[in-house]
Amino acid sequence: MNAKLMIWASVALSALAQIFLKHGLSNLQRAIGANRSVLSLGLGVIRQGFVWLWGLCFVAATGLWLLGLQKLDLSYAYPLVAAGYVLVSILSAFFFHERVDRNRWAAVVVISLGVLLIAGS
Amino acid sequence: MKTHDLEIGSTALLDSPVESGSVQPAANSVFRAIIGRWWVAFSASSLFVVSGHLLIKAGLNAATASQYVGFARVVHSVLQVEVIAGLLIYFLGSVCWMIAVAQREISFLYPLSSINYVLVVVTSYVLFSEAVSLQRASGVAVIVLGMALMNRRAGTASA
């Protein structure tokens with residue numbers, strides 16, 4: 001796999017991981033209710049499949065990041081992480097029907113432009 | 001509370017140890033004194049995140065000069081001391097970020113955290129002599145501008 005593709009895959013997996021974590025923790029909050037002892041929290045986390053998915057994506061994203069970064073400048077790869085904000089905004093609007101206001105969409109457009117500039121550099 | 005803040009879930013987890021910490025009031029007050037200020041947690045997070053990434057890259061750069069080839073070379077480079085240390089420091093930075101997020105709104109912290117992009121690019125230019133073109137530098141500037149727009153009050157402040 002080409003190094004640039006690995007960095008993009010790492011950024012996309014990180015964004016996906018955030019979505020899984022959010023979903024898993026919302027489920028957890030519903031599951032344990034008012035019983036917020038450390039034990040029930042710990043057991044609850046282990047039972048959430050989405051928290052495991054988050055872990056999996058997180059590990060894969062870290063691995064891909066290390067592999068891609070071997071061949072690329074840090075000043076090239078690191079700013080591409082900002083694409084994560086764009087992906088998370090779009091994914092959370094789509095999956096969680098979160099309200100994304102105009103400022104936020106403007107930010108998403110401007111950040112995308114910045115990321116494109118970096119990608120072409 | 002803003003609904004589109006993804007990290008809210010993780011702050012909910014952080015709330016619990018802080019509350020249960022009241023069992024040990026001394027430990028709790030020390031905890032609050034050191035990381036109970038958002039800017040301490042935020043600055044620590046920036047410092048750790050940036051230095052973590054630099055360490056990782058330094059380790060990977062050092063490993064490119066290794067005698068291994070193919071897959072052995074990949075494994076060898078990832079298992080560098082600097083890479084492991086960098087990952088741990090980066091993880092510490094993420095913990096500090098969550099502590100900061102537990103105290104201030106994300107829409108306030110996101111624009112500030114864009115300083116990380118500037119710091120990483122400047123330090124990789126200085127330390128690793130990476131070629132930072134005008135286009136790459138302006139890309140970072142545009143990203144910082146975009147993240148400033150994440151501040152909810154940005155619209156009213158500029159009007």
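**Exercise 1: a helix pair**

Work out the handedness of the crossing of H1(A) and H3(A) in this predicted model, and then how the two helices run relative to each other.

*Solution.* 
- Start with the handedness: H1(A) and H3(A) cross in a left-handed way.
- Next, find the helices. H1 covers residues 3-32 of chain A and H3 covers residues 49-69 of chain A; their axes come within 8 Å and cross at roughly 160°.
- Angles over 145 degrees count as roughly antiparallel, and therefore H1(A) and H3(A) are roughly antiparallel to each other.
- Finally, look at the residue classes: the contact of H1(A) with H3(A) has 20 nonpolar and six polar residues, but no charged ones.

**Exercise 2: where the chains meet**

Which helix gives the most to the side of chain A that touches chain B?

*Solution.* 
- Count both sides: 38 residues of chain A and 42 residues of chain B take part in the contact.
- On the chain A side, H1, H2 (38-47), H3, H4 (74-80), H5 (83-95) and H6 (102-119) each supply at least two residues.
- H6(A) gives the most, with 11 residues.
- By class, this side of chain A has 22 nonpolar, 10 polar and six charged residues.

Note on methods:
Residues are numbered from 1 along each chain as its sequence is written. Chains are lettered from A and ligands numbered from 1 in the order in which they are written. This is a predicted model: local features need pLDDT of at least 70, side-chain atom pairs count only at pLDDT 80 or more; totals for chains, interfaces and linings use all residues. Axes are lines fitted to C-alpha atoms, for helices over the stretch in contact, and angles run from 0 to 180 degrees between N-to-C directions. Helices (H or I, at least four residues) and strands (E, at least two) are DSSP runs, numbered from the N terminus. Angles under 35 degrees count as roughly parallel, over 145 as roughly antiparallel, 65 to 115 as roughly perpendicular and the rest as oblique. A crossing is left-handed if the near helix is turned anticlockwise from the far one by less than a right angle, and right-handed if clockwise. Ala, Val, Leu, Ile, Met, Phe, Trp, Tyr, Cys and Pro count as nonpolar, Asp, Glu, Lys and Arg as charged, and the others, Gly among them, as polar. Two residues are in contact if their C-beta atoms, placed from the backbone, lie within 7 Å.
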